[in-house]
Amino acid sequence: MPPQHNSTVPSSLGGTQRGVAAATFAVLLHHRRALTAATVRVVTLTALAGLLTTFTVFALSWPLFTHMQSERIRYHQLEDPYSHDHSDLGLVALASLPLYLLLLGVGSAALQTVCSRTVTAQAPRSPESDRSPTAVGARLPPILATYVLRGLIVWTPPLLSFELTRRLTSNLLDTPLPLARGSWPYTLVSASPAVAVCLAVLVRLALALAPAAAASGLSPHVALRHSWTLTTRTRAGAVRVLAVALPLAALTATVIRLATQLALPVRPFLRDLLEEATGNFFAAYYAGILAPVIIGILTAAALTFPLTATTFAALYDRLWSSHLPPRLAATTGDSTT
């Protein structure tokens with residue numbers, strides 16, 4: 001009788017019979033000290049870097065704050081209400097947004113590296129050399145590049161769609177509309193941003209496994225391709241990614257909301273403190289607005305991102321090991337070189 005060949009490759013987390021949730025919590029429990037230490041270290045360094053960046057942005061924006069303060073005093077002397085124009089500050093915030101995204105990307109890549117390595121370390125046959133700190137550090141640039149490339153792929157079309165819609169459907173300086181209001185072209189262009197955002201969310205879900213794939217040693221474009229393949233071309237890939245992503249997204253949003261609400265008392269305290277120290281109401285006002293939001297994001301990163309990164313790493317391991325034929329799985333090693 002000819003030998004029977006198994007169509008699946010044993011998973012490094014104990015086989016295909018083991019659930020992703022069980023594997024994730026086994027990793028979190030077994031490596032809780034290492035993950036906690038790494039999370040505290042990464043979140044602390046990210047917070048310090050973010051604080052330095054915010055201080056630099058406020059310092060560069062100080063002429064705007066000074067102008068607002070002078071106008072406020074002048075209008076107060078005239079006994080007129082003063083409604084400040086924050087459009088210039090909006091441009092500054094938009095210009096500094098890539099810096100904050102880069103900081104979040106570096107922190108996420110560092111934690112993803114540690115979490116993926118802990119998932120790999122659960123494998124009983126993992127070589128000890130593969131767990132060295134040098135190997136961990138060597139995977140940070142590809143994961144960061146994967147985050148950047150995925151962000152460009154996912155969010156560039158919606159941004160272009162918003163800009164195109166603004167140009168074609170908005171009244172600029174009382175000029176006539178490029179498209180007639182109520183016409184089919186006008187309706188289609190007006191609806192294009194919503195469609196683009198929906199498509200972006202779907203693409204983002206399809207590429208959700210890319211950082212975990214990059215942490216396994218793949219180059220960024222190969223990691224994105226593997227995530228797309230596992231999510232869209234396997235029977236249960238899309239369902240499992242959706243089943244994992246939705247609860248984790250809801251959990252993250254809930255933690256951010258709760259942490260921000262609990263941090264709201266920081267707003268008047270910081271505002272009064274900075275206004276007394278600097279004498280500028282508007283700098284203190286905007287710093288007070290930002291403080292609870294930053295606290296909420298950092299709290300959510302510390303509490304939920306290790307769970308998220310570990311879960312997606314375990315899911316990637318399970319999908320890649322269980323749903324691809326051995327011939328294709330064997331090529332993984334060739335793709336990492």
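Of the 337 residues of the protein chain, 37% count as buried, meaning under 20% relative accessible area, with exposed over 50% and partly exposed in between (1.4 Å probe, protein chains only). This is a predicted model, in which local features need pLDDT of at least 70 and side-chain atom pairs count only at pLDDT 80 or more, while totals for chains, interfaces and linings use all residues. Residues are numbered from 1 along each chain as its sequence is written, and side-chain values use heavy atoms, with hydrogens and water left out.

**View 1. The protein chain has 14 helices and 0 strands.** Helices (H or I, at least four residues) and strands (E, at least two) are DSSP runs, numbered from the N terminus. Among contacts (heavy atoms within 4.5 Å) between residues at least 6 apart in sequence, 77% join residues at least 24 apart. The accessible surface, from the Shrake-Rupley method with a 1.4 Å probe, is about 19,600 Å², and carbon and sulfur atoms hold 69% of that surface.

**View 2. The largest pocket contains about 1,700 Å³ of space.** A pocket is an open set of points on a 1 Å grid over the protein atoms alone, where a 1.4 Å probe fits, with protein on both sides within 12 Å along at least five of seven lines; lining residues have an atom within 4 Å of a point. The volume is the space filled by probe spheres set on the points, which are joined across faces, edges and corners. The lining has 46 residues, and L101, S108, Y147, R150 and R204 lie nearest the centre. Elements giving two or more residues include helix 6 (140-169), helix 7 (184-206) and helix 10 (237-262). Helix 4 gives the most, with 11 residues. The lining comprises 34 nonpolar, 10 polar and 2 charged residues; Ala, Val, Leu, Ile, Met, Phe, Trp, Tyr, Cys and Pro count as nonpolar, Asp, Glu, Lys and Arg as charged, and the others, Gly among them, as polar.

**View 3. The second largest pocket holds about 1,100 Å³ of space.** Its lining has 36 residues, and those closest to its centre are T54, F58, Y100, L290 and I294. Helix 12 supplies the largest share of this lining, 11 residues. Among the other helices that each supply at least two are helix 3 (62-77) and helix 11 (266-278). By class, 29 lining residues are nonpolar, 7 are polar and none is charged.

**View 4. L164 lies in helix 6.** L164 is partly exposed, with a relative accessible area of 46%. The C-alpha atom of L164 is separated by 9.0 Å from that of P193, 29 residues apart along the chain.
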